[in-house]
Amino acid sequence: MREVKQASSVWLLQVFGLLVAASAMSLGSGHAATLVRNGVGYPVHAPMPWEWWLQPAGSPIERSIDWLLRYVLWIMAGVVGLVGVLIGIIIHRFRASMNPVPSATTHNTVIEIAWTLVPAILLIVIFVPSLHLIYQQSDYSKPYMTVRVIGHQWYWEYNYIDAKGVDFTSYAVPPDKLKPGQIRQLSVDHPLVLPAGKKIIFQITSADVLHSFFIPSLGVQRYAIPGQYWRQWTKIVSPGVYYGECNQICGMHHDDMPIEIVALPVTQFKAWLAKAEIDAAHGNVPDVHAYEMAAERAVAHQEAPH
Ligand SMILES: [Cu+2]
């Protein structure tokens, strides 16, 4: 009987050790995903066919979210694995045929302390990084710029409140009007153009019903609520195109309000914004191709030998 006990506890330790090793490997691994490029050679952050994990992180917040998800998932896998193994041992060792005389044991102080302490420690171990992430998400200090995002049935409106008159709408490109390189139900007529590597605050609201401003690769998701401004910040690590969508059911054409963000290097962004201000002064929306040309220049600059 003693031998059986020892063998099962060794086995248990081995399973637990494997889980710990696997989680350590998972936590250490970074994203090596290669991104698709669009018509002007810009990296595209969009959902991929058969994708089963999160999109590669494009902002510090999304990196933290990704890390916390893996961390909690592995703790959960450890708990589920351990409980599963224990149930297996109990079913096997304490079955009726093996125990003709039932045990009269009712208490075991050591086990009772352990099963109180271990979950409490696990909760603390999850709570500390979660709280850290909440603080990170709530840090609105020193922004480079603020963009007011307004949800409408069924399009987005982007108001660059620091730039005079730059306020335009963004509609999904209808499926029959898609140009090569554009993505069905994700590409828009006027993307939100932003600088890469700078802290941006979104001031999110709605003009009619509840919408939600959601860009998975940037770790941005906030309800757009009529009569309220909700904030969220992001910092887009590298230039590229980032896609998202309204993810609050907002009526018949809820699926027609995707989000397309073009992140340009700061110098190109400044040039784009200056041009957009001139356009606005003449009552025009920013030229659709201006950002594409800026992106092309950015790619050429990136790939030039140093
Ligand atoms: Cu919506």
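Five strands make an open sheet, ordered β5-β4-β3-β7-β10, with mixed pairing. The model is predicted.

Trainee: Which strands are the edge strands?
Mentor: An edge strand pairs on one side only; here these are β5 and β10 (230-235). From one strand to the next, the twist averages 25°.

Trainee: How do β3 and β4 run, and how many bridges join them?
Mentor: They run antiparallel, joined by six bridges. One of the partner pairs is Gly151 with Trp156 of β4.

Trainee: Where does Trp154 lie?
Mentor: Trp154 is in the loop between β3 (145-152) and β4 (155-160).

Trainee: Is the peptide bond from Gln153 to Trp154 cis or trans?
Mentor: Start with the general idea: most peptide bonds are trans. The bond from Gln153 to Trp154 is cis, with omega near -5°.

Trainee: What is the phi of Lys142?
Mentor: Again, the general idea comes first. Most residues other than glycine have a negative phi. Lys142 is not a glycine, yet its phi is positive, about 45°. Lys142 sits in the loop between α3 (109-137) and β3.

Trainee: Why does Lys142 count as exposed?
Mentor: Because Lys142 has 6 C-beta neighbours inside 10 Å, and the cut-off for exposed is 12 or fewer.

Trainee: Where is Gln185 found, and what is its phi?
Mentor: Gln185 is in the loop between β5 (167-170) and β6 (192-195). Its phi is near 65°, positive in a residue other than glycine. With 15 other C-beta atoms within 10 Å, Gln185 is partly exposed.

Key
Residues are numbered from 1 along each chain as its sequence is written. This is a predicted model: local features need pLDDT of at least 70, side-chain atom pairs count only at pLDDT 80 or more; totals for chains, interfaces and linings use all residues. Helices (H or I, at least four residues) and strands (E, at least two) are DSSP runs, numbered from the N terminus. A residue is buried if 20 or more other C-beta atoms lie within 10 Å of its own, exposed if 12 or fewer, and partly exposed in between; C-beta atoms are placed from the backbone. Two strands pair if DSSP finds at least two bridges between them. Axes are lines fitted to C-alpha atoms, for helices over the stretch in contact, and angles run from 0 to 180 degrees between N-to-C directions.
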